[in-house]
Amino acid sequence: MKKIFLPVAFFIFLAHSWAMDLSAPQSTLADIFSSSVDPNEGNTVFCSMNIPSGGRTEALGTAFVALADDSSFFDFNPAASAILEQSEISVSHNAWIADSALETVALTRRNGNLGYGTQIKCFYVPFSEYNLYGDRVSGSYYSETSATFNIAYNFLAGYSFRGIAVGANAKLAWRSVPDYTDNRTDAIIPGSGLEQSALGIMADTGVLVRFNALKYYQDRNPNLNLALSLNNFGAAFTGFGSSVKKDDDTPARISAGFFYKPFSRLTISTEVRKPISISSISSSGKISFGTGIETQVTKNFAFQLGFLLQGANPRFSLGSEFDISRIKIDVAYTLDLTSSMNPVNHISLSAKIKFGDRGRKIAMSKVDECYLDGLKLYAEGNYDEAIVKWEEAILTAARSPLNIKFEPAILARETAINFNIQKAELENMYTIPSTD
């Protein structure tokens, strides 16, 4: 009964949120953030590349560059595929503003310290054309579709310091504009939409560093991540109906952030972004800021709150994640208080299916077993046998599927070897030479 109550309560809260009259707060917030208006906003193409897939990332205020712990990482930090615990397939739906929507499918896998994956996104909005008399003469969809291919590797991976993950994305995007009509005859002009369609070629690169600091709970996973990512750097081309030419700049940006987990049930993620105008750096947009908090209410239910300030447009979001066996379902609600006199709000959903860790958990259990056996043997005075067990733990950790440096066993083995050397030296020192 408790498992059912939490989701129902969450959706009831959303229903009341939609009904709120927020015209007064809207006016106040617009005044507060008026100095943050970005005059260079909207000067790029393929702006859908900046729209998150939805679900948990949306609920966390899109502050995900350092957290990046599920298949949503494609939009934020390509290095993350090298550190994900499990292989994952995800699908998401983001009901964006003005009847537009974003659909996303992603797949990611990891072999040891090597991660890779692919993502397909499609942003679309209804496109209707009316003639001079107000009659509808055509109807279709404007869309932006992208395919992303990812690869990443985690260097210097160990037990305490989890390594430096470095990754890259290659992106192909297509802007599809429907054919429009002749103003005099209302007849659709073949190929007219292709003239305004565009091809985008872009790349991302990112770095993710993970370690422990100020940790007030017991857990094997690191509690502090630092990250830097460069996204959507490339070029776009249009005019395929006649002569191909360079389009406006792609929505390139630099993001930096950190993730911190001070307690086992509390996660904090913060991120700053700087848009970059490739053709004219001086025309780059203003810095934006996002932050999110996640609370693990129960083992199977988490709650998120987020805030994003991009230009003079503060956005507040909340969401939840339901963990059902190998499936995680995320629901997020975002309230945009300044883009309209009537607050714009939208819902995003995502579902993630986990396909296991490819034997990493079992291998880690074997490492732990050998390490603990070594400690027991050492305590009993069986130093040579302990060294053998610790060497087995080190070798198991270094092999696939873990490929990590297991420092506890390395330190213990060195201590035992040094003890044996010192013991032998003492025995030689006090040995009485034979008189024969």
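Which residue forms a salt bridge with Asp-75? The partner is Lys-121, and the closest N and O atoms of the two are 3.2 Å apart. A salt bridge here is a side-chain nitrogen of Lys or Arg within 4 Å of a carboxyl oxygen of Asp or Glu. The model is predicted, so local features need pLDDT of at least 70 and side-chain atom pairs count only at pLDDT 80 or more, while totals for chains, interfaces and linings use all residues. Residues are numbered from 1 along each chain as its sequence is written, and side-chain values use heavy atoms, leaving out hydrogens and water.

The structure holds 15 salt bridges. Asp-75 and Lys-121 are both buried, where buried means under 20% relative accessible area, exposed over 50%, and partly exposed in between (1.4 Å probe, protein chains only).

A second salt bridge joins Asp-247 to Arg-175, with the closest N and O atoms 2.9 Å apart. Asp-247 lies in the loop between strand E8 (245-246) and strand E9 (253-263) and Arg-175 in strand E5 (residues 164-176), so this pair ties together parts 72 residues apart in sequence. Strands (E, at least two residues) and helices (H or I, at least four) are DSSP runs, numbered from the N terminus. Asp-247 is buried, its relative accessible area being 14%, and Arg-175 is buried at 12%.

Asp-368 and Arg-220 also meet through their side chains in a salt bridge (2.9 Å, N to O). Asp-368 belongs to helix H5 (residues 360-379), whereas Arg-220 is in the loop between strand E6 (198-211) and strand E7 (224-238), 148 residues apart.
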